[in-house]
Every structure is written in structure tokens, then in C-alpha cells.
Amino acid sequence: MRPKTEKLVVTFATATAALLAESLCTAAGVEGRLIPVPVAIAADCGLAWAMPPGAEPAFDAAIAGRLTPAGRRTLLL
């Protein structure tokens, strides 16, 4: 079993928004990946972007003016 590390988990209101975030982040080289929303978080679409906490400024720059996340939580994943 791999050790758990701290991740910033960003949720979205729709699956379309989550997929757009993935596309924008991949194009901008933001470290992270799309994951199912952890049980500890409630989200409408069931998808979230998980990344190291230090990647948040790059994430914010990648989605600026295109998306508004539903929420952000730091979790051990």
C-alpha cells in the first residue's frame, strides 16, 4: 500500500467543469489528476482535481476566467 500524502482536492458543480479543469491543467502542465470525490467531501458531480498543495497557484492561473471551483479541501490521500 502506498503511503498517504497531503493533497489539495478541488471539487466542481458539474462533470463538464471537472473535465474542463483537467484539460486546462494538463495543457498548462499543472501537477495533479482527476479523481472520484473522496467520501469525506460532498460534491455534485462526483469528480475532483487532486494536486499537491504547492500546485495551487499554477492551478488558479490555469483556470482563471474559465472556471469557478465548488470547493477546496486538503486531505490525506
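How do S2 and S3 pair, and over how many bridges? In this predicted model, strands S2 and S3 run antiparallel to each other and are joined by four bridges. Within that pairing, leucine 34 sits opposite tryptophan 49 of S3.

The other strand pairings extend the picture. S3 also pairs with S1, again in the antiparallel sense and over four bridges. Here valine 10 is the residue that stands opposite tryptophan 49 in S3. S1 in turn pairs with strand S4, residues 71-76, in the antiparallel sense over six bridges. As for cover, four of the five residues of S3 are buried, and the strand is mostly covered. In a regular strand, side chains alternate between the two faces of the sheet.

Threonine 11 belongs to strand S1. Its relative accessibility is 5%, so threonine 11 counts as buried. Between the C-alpha atoms of threonine 11 and glycine 65 there is a separation of 17 Å, the two residues being 54 places apart along the chain.

Next comes helix H1. This helix has 14 residues, and the distance from its first C-alpha to its last is 20 Å, close to the 20 Å expected at 1.5 Å a residue. Its buried residues are Ala17, Ala18, Ala21, Leu24 and Cys25. Viewed down the axis of H1, these buried residues fall within an arc of 130°, so they line one face of the helix. An α-helix has 3.6 residues a turn, so residues three or four places apart point the same way. The buried residues of H1 pack against strand S2 (33-36), S3 and H2. On the face turned away from the buried side are the exposed residues Thr16, Thr26 and Ala27. Glycine 29 follows H1 and has a positive phi, near 75°.

The largest nonpolar core holds 18 residues, of which Phe12, Val30, Trp49, Met51, Phe59 and Leu67 touch the most other members. Two or more residues each come from strand S1 (6-11), helix H1 (15-28), strand S3 (47-51) and helix H2 (56-63). H1 gives the most to this core, with five residues. Another core lies apart from it; that core has seven residues, including Val9, Ile35, Val37 and Ala50.

What is valine 30 in contact with, leaving aside its neighbours within four places in sequence? The residues in contact with valine 30 are Cys25, Trp49, Ala55, Ala58, Phe59 and Ala62. Of these, Cys25 is among the buried residues of H1, while Trp49 and Phe59 are, like Val30, among the core members that touch the most others.

The charged side chains remain. Side chains of opposite charge can pair when their charged atoms come close. How many salt bridges does a search of the whole structure find? The search finds two. In one of them, the side chains of arginine 72 and glutamate 56 meet, with an N to O distance of 2.6 Å. Arginine 72 is in strand S4 and glutamate 56 in helix H2, so this pair ties together parts that are 16 residues apart in sequence. Glutamate 56 is partly exposed, its relative accessible area being 26%, and arginine 72 is likewise partly exposed, at 33%.

Aspartate 60 also forms a salt bridge with arginine 72, and the closest N and O atoms are 2.7 Å apart. This pair links distant parts of the chain as well, with aspartate 60 in helix H2 and arginine 72 in strand S4, 12 residues apart. Aspartate 60 has a relative accessibility of 30% and counts as partly exposed. Through shared partners, the salt bridges join Glu56, Asp60 and Arg72 into one network.

Conventions:
Residues numbered from 1 in each chain as written. Predicted model: local features only at pLDDT ≥ 70, side-chain atom pairs only at ≥ 80, totals over all residues. Heavy atoms only, no water. Core = buried A, V, L, I, M, F, W, Y, C linked by side-chain atoms within 4.5 Å. Buried < 20%, exposed > 50% of the residue type's maximum accessible area, 1.4 Å probe, protein only. Contact = heavy atoms within 4.5 Å. Pairing = 2+ DSSP bridges. Expected span 1.5 Å × (residues − 1). Arc of directions from axis to C-beta. Salt bridge = Lys/Arg side-chain N within 4 Å of Asp/Glu carboxyl O.
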